[in-house]
Amino acid sequence: MCAASLVRPPGGMADERGDTPSTIPNRGELLSPEQNGNYYLPHTTDRGWMMYRTAPDKVRGIVRFDPETGSETMILPARLSDPSSFTVDNDGEQIVFATPLTNLTSSGVTHSSDLFSFHLQSQTLERITTTGGLRHPALSGDGQRLFAIRQEKDAASLVEVDQNI
């Protein structure tokens, strides 16, 4: 995934669905702030856009972003396994994310990631997994089901994760 500002593609020609610029408004309009930093694709929720942001002069984490005003509010300071390793339910109450872990074992240092859940209203953080290797979580819209990618050496598998911790 490329670290870039959110930009709608330029108009002028019909796209693969046959839409013309008159049916696709504001193509090419910069949505994220013009500043030194990276904004990644948002999850749209009932509470607004939730997106991962990194910037040299700000704490990295998941922010609520208003594309109309460009304002942002830090929701969860966090370092993600990669910029797309978080998900949000439709109402924006639950955020599940993968964060990198470093483990010291008898055979040396290993690196992995586990899933954590953050509930916005109660401001509670819970660790969901302890086995490592899970990333790219995806919640169902109602937040009842959680899926992730389990990485083991060169193989990636889709798994359903039990949230009853």
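Strands here are DSSP runs of at least two residues marked E, numbered from the N terminus.

View 1. The model shown is a prediction. By that strand definition, the protein has 12 strands and zero helices, so the run of elements from the N terminus is β-β-β-β-β-β-β-β-β-β-β-β. Of the 165 residues, 36% are buried. Take the contacts between residues at least 6 apart in sequence: 33% of them join residues at least 24 apart. The accessible surface comes to about 9800 Å², and carbon and sulfur atoms hold 49% of that surface.

**View 2. Tyr39 and Phe65 make a tilted aromatic pair.** Searching the whole structure turns up four aromatic pairs. In the pair shown here, the rings of Tyr39 and Phe65 sit 6.0 Å apart, centre to centre, with 55° between their planes. Tyr39 belongs to strand β1 (residues 38–39) and Phe65 to strand β4 (residues 58–65), so the pair ties together parts that are 26 residues apart in sequence. Are these two residues buried or exposed? Tyr39 counts as buried because its relative accessibility is 2%, and Phe65 is buried too, with a relative accessible area of 2%. Look for Trp49 as well: ring pairs link Trp49 with Tyr39 and Phe65 into a cluster.

**View 3. Phe97 and Phe116 stack.** A pair of aromatic rings is described by the distance of the centres and the angle of the planes. For Phe97 and Phe116 the centres are 5.8 Å apart and the planes stand at 20°, so this pair is stacked. Phe97 lies in strand β7 (residues 94–105) and Phe116 in strand β8 (residues 108–119), which puts the two residues 19 apart and lets the pair link distant parts of the chain. Both Phe97 and Phe116 are buried.

**View 4. Met50 sits in the largest nonpolar core.** In soluble globular proteins, nonpolar side chains tend to be buried together. Here the largest nonpolar core has 15 residues. Which residues have the most contacts inside this core? They are Met50, Ile62, Ile75, Leu76, Phe86, Ile95 and Phe97. At least two core residues come from each of β3 (48–55), β5 (72–77), β6 (86–88), β7 and β8. With neighbours within four places in sequence left aside, Met50 is in contact with a list of residues that includes Ile62, Ile75 and Phe86. Pro42, His43, Thr45, Arg64, Gly92 and Leu120 are also among the contacts of Met50.

**View 5. Leu115 belongs to a second core.** A separate core of 10 residues includes Leu115 along with Val96, Ala98 and Val161. Leu115 lies in strand β8 and is buried, with a relative accessible area of 0%. Beyond its neighbours within four places in sequence, Leu115 is in contact with residues including Val96, Phe97, Ala98, Leu134, Leu146, Ala148 and Val161. Arg127, Ile128, Thr129 and Pro137 are also among the contacts of Leu115.

View 6. Strands β3 and β4 run antiparallel and are joined by six bridges. The hairpin between β3 and β4 passes through two residues, and Ala55 has Lys58 in β4 as its bridge partner. Next, β4 and β5 run antiparallel with five bridges between them, and Val63 has Met74 in β5 as its bridge partner. How many residues lie between β4 and β5 in their hairpin? There are six, and Gly70 in this turn has a positive phi of about 80°.

**View 7. Strands β10, β11 and β12 form an open sheet.** This sheet of three strands has the order β10-β11-β12, and the pairing is antiparallel. β10 (134–139) and β12 (155–161) stand at the edges with a single partner strand each, so one side of each has no neighbour in the sheet. On average, neighbouring strands in this sheet are turned by 25° against each other, direction ignored. Four bridges pair β10 with strand β11 (residues 146–152) in the antiparallel sense, and Leu139 stands opposite Leu146 in β11.

Terms used
Residues are numbered from 1 along each chain as its sequence is written. This is a predicted model: local features need pLDDT of at least 70, side-chain atom pairs count only at pLDDT 80 or more; totals for chains, interfaces and linings use all residues. Side-chain values use heavy atoms; hydrogens and water are left out. Buried means under 20% relative accessible area, exposed over 50%, partly exposed in between (1.4 Å probe, protein chains only). Contact means heavy atoms within 4.5 Å. Accessible areas come from the Shrake-Rupley method with a 1.4 Å probe; for residues, only the protein chains shown count as cover. Rings of Phe, Tyr and Trp (its six-membered ring) pair if their centres lie within 6.5 Å; planes under 30 degrees apart count as stacked, over 60 as edge-to-face and the rest as tilted. A nonpolar core is a set of buried Ala, Val, Leu, Ile, Met, Phe, Trp, Tyr and Cys residues joined through side-chain atoms within 4.5 Å. Two strands pair if DSSP finds at least two bridges between them. Axes are lines fitted to C-alpha atoms, for helices over the stretch in contact, and angles run from 0 to 180 degrees between N-to-C directions.
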